[in-house]
Amino acid sequence: MSNRTLTIIKPDAFMGGKAGLILAHLEKQGFKLISARVMKLSKEQAGEFYGVHRARPFFGELVEFMTSDYCMPMVLEKDNAVLALRDAIGATDPAEAAEGTVRKLYAESKGKNAIHASDSDENAAREARFFFAETDLIRA
Ligand code: CMP
């Protein structure tokens with residue numbers, strides 16, 4: 001899975017009509033769309049997906065936000081995908097994100113930060129399987 005990663009266009013960006021712009025921005029950088037869906041996460045799903053942050057003070061706010069409206073999980077492919085996507089989206093806090101990154105361009109705040117990206121190959125594989133069936137990810 002090292003050439004694939006999982007991203008989520010979060011409710012702020014998706015409902016703000018930025019999904020197409022963000023995907024085009026990433027495609028211009030060489031990311032290829034493998035699979036996508038549009039969905040509203042349940043509290044259970046968001047809690048499980050962000051389980052690693054359960055003890056953090058922002059966990060409640062994070063689950064509340066991620067379940068507030070529709071979002072768009074996607075699997076993207078590119079060489080060294082996890083690192084390449086983390087570079088492309090920028091720092092968690094848009095105020096600290098580099099020029100030209102997705103969060104600099106489209107995020108509002110550290111909480112409402114437009115996009116999620118997996119932080120390791122292991123998590124990319126786990127997160128891709130969280131949203132997609134094996135058959136959604138096949139490229140013959
Ligand atoms: P994400 O890449 O989706 O992974 C964990 C998320 O927690 C992160 O993006 C932020 O949206 C959120 N997060 C991190 N720190 C804070 C914070 N201090 N306040 C609110 N949300 C945060």
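**From a salt bridge to the ligand**

E77 is buried, since its relative accessible area is 19%, where buried means under 20%, exposed over 50% and partly exposed in between, computed with a 1.4 Å probe and counting protein chains only. The model is predicted, so that local features need a pLDDT of at least 70 and side-chain atom pairs count only at pLDDT 80 or more, whereas totals for chains, interfaces and linings use all residues. Residues are numbered from 1 along each chain as its sequence is written, and side-chain values use heavy atoms, with hydrogens and water left out.

What does E77 pair with? E77 forms a salt bridge with R4, and the closest N and O atoms of this pair are 2.8 Å apart; a salt bridge here is a side-chain nitrogen of Lys or Arg within 4 Å of a carboxyl oxygen of Asp or Glu. Because E77 lies in strand β3 (residues 72-77) and R4 lies in strand β1 (residues 4-9), the pair ties together parts that are 73 residues apart in sequence. Strands are DSSP runs of E with at least two residues, while helices are runs of H or I with at least four, both numbered from the N terminus. R4, with a relative accessibility of 12%, counts as buried.

Side chains of opposite charge can pair when their charged atoms come close. The structure holds 5 salt bridges, among them the one between R126 and E127, where the closest N and O atoms are 3.7 Å apart. R126 counts as partly exposed at 39% relative accessibility, whereas E127 is buried, with a relative accessible area of 5%. Another salt bridge joins E134 to R129, with the closest N and O atoms 2.9 Å apart, and R129 counts as partly exposed at 46% relative accessibility.

Strand β1 also contains T7, which counts as buried at 0% relative accessibility. The side chain of T7 reaches the backbone oxygen of H116 at 2.7 Å. If neighbours within four places in sequence are left aside, T7 is in contact (heavy atoms within 4.5 Å) with M72, P73, M74, L76, L85, I115 and H116.

H116 leads on to the ligand, because H116 is one of the residues that surround it, together with K10, Y50, H53, F58, E61, L62, T92, R103, K110, G111 and N113, a residue being near a molecule if one of its heavy atoms lies within 4 Å of it. A polar side-chain atom of Y50 lies 2.7 Å from an oxygen atom of the ligand, and a polar backbone atom of K110 is 3.2 Å from a ligand oxygen atom. For N113, an N or O atom in the side chain is 3.3 Å from an oxygen atom of the ligand. On its own the ligand has 460 Å² of accessible area, of which the protein covers 82%.

The loop between α4 (59-66) and β3 holds T67, which counts as buried at 12% relative accessibility. Residues up to four places away in sequence not being counted, T67 touches K40, L41, S42, K43 and A46.

On the surface, M15, V38 and Y70 form a nonpolar patch with about 280 Å² of accessible area together. M15 lies in helix α1 (residues 11-15) and, at 46% relative accessibility, counts as partly exposed.

Definitions and conventions
Patches are made of residues with over 30% relative accessible area and no salt bridge: like charges are joined within 9 Å, nonpolar side chains (Val, Leu, Ile, Met, Phe, Trp, Tyr) within 5 Å. Accessible areas come from the Shrake-Rupley method with a 1.4 Å probe; for residues, only the protein chains shown count as cover. A polar contact is a pair of N or O atoms within 3.5 Å; within protein, one must be able to donate a hydrogen and the other to accept it, and residues adjacent in sequence count only if both atoms are side-chain atoms.
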